[in-house]
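Subject: Structure handover

Hello,

Here is the structure for you to look through. My notes on what was found follow below it.

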Amino acid sequence: MASASYCSLVDVQNILSAAGVSLRGDDAPADANDAIDEASDDVEFYCLLLYTSASLAASSWVTHKCADLAAEYYCLRRGNLAPGGIAIRAERARAMFERTQTGTMLGRIPGLAQREAGVPVMSNVRPILRPHPRTVVERGPRRSTGTVTQYPQNRDPA
């Protein structure tokens, strides 16, 4: 089960209609939350490395794409095929999530900032001769304030 649900039953009903949801859930163990949880797991699979769960939950784009996936899963749960329009929407959502995961969709979900760990950083490599020759990697700050307050000078001991 996903740690967060990125869409609700109302979002799925907006796609399938309330009657469509109730007709597909007329058997005893009917629970649309299983489909929502499965779709939310997919969203986390594609996006959790680059985005936080809280930011994903706040995005309306993620909510719409998760609802597309949940609607398809809800249609497929008894072995029936999803209607053509639902299948197309879900396939488009999957393709967009895959492009987001690989960074080919300009690497961003609209309106969301990526995790700090996913942002590239610059490193400075310099040689040191004492006490033995080696190379040191100096990692700078992850964020720049725009002004330089200190410029450390690297000096080998004499």
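Start with tyrosine 46, which is buried at 11% relative accessibility. Please keep in mind that this is a predicted model.

Tyrosine 46 has a partner in phenylalanine 97. Their rings are stacked, with 5.9 Å from centre to centre and 5° between the planes. Tyrosine 46 sits in helix α3 (residues 32-47), while phenylalanine 97 belongs to helix α6 (residues 84-102). The pair therefore ties together parts that are 51 residues apart in sequence. Phenylalanine 97 is buried too, at 0% relative accessibility.

What about the rest of the aromatic residues? The structure has three aromatic pairs. Another one joins phenylalanine 45 and tyrosine 46. Here the arrangement is edge-to-face: the centres are 5.2 Å apart and the planes make an angle of 70°. Phenylalanine 45 is exposed, at 59% relative accessible area. Tyrosine 46, as noted, is buried. Taken together, Phe45, Tyr46, Trp61 and Phe97 make up one aromatic cluster.

Now the cysteines. How many disulfides does the count give? The count is zero. A disulfide would need a pair of cysteine sulfur atoms within 2.5 Å. As for where the cysteines lie, cysteine 47 is buried, with a relative accessible area of 0%. Cysteine 75 is buried as well, at 4%. Both values count as buried because the cut-off is under 20% relative accessible area.

Best wishes

Terms used
Residues are numbered from 1 along each chain as its sequence is written. This is a predicted model: local features need pLDDT of at least 70, side-chain atom pairs count only at pLDDT 80 or more; totals for chains, interfaces and linings use all residues. Side-chain values use heavy atoms; hydrogens and water are left out. Buried means under 20% relative accessible area, exposed over 50%, partly exposed in between (1.4 Å probe, protein chains only). Rings of Phe, Tyr and Trp (its six-membered ring) pair if their centres lie within 6.5 Å; planes under 30 degrees apart count as stacked, over 60 as edge-to-face and the rest as tilted. Helices (H or I, at least four residues) and strands (E, at least two) are DSSP runs, numbered from the N terminus.
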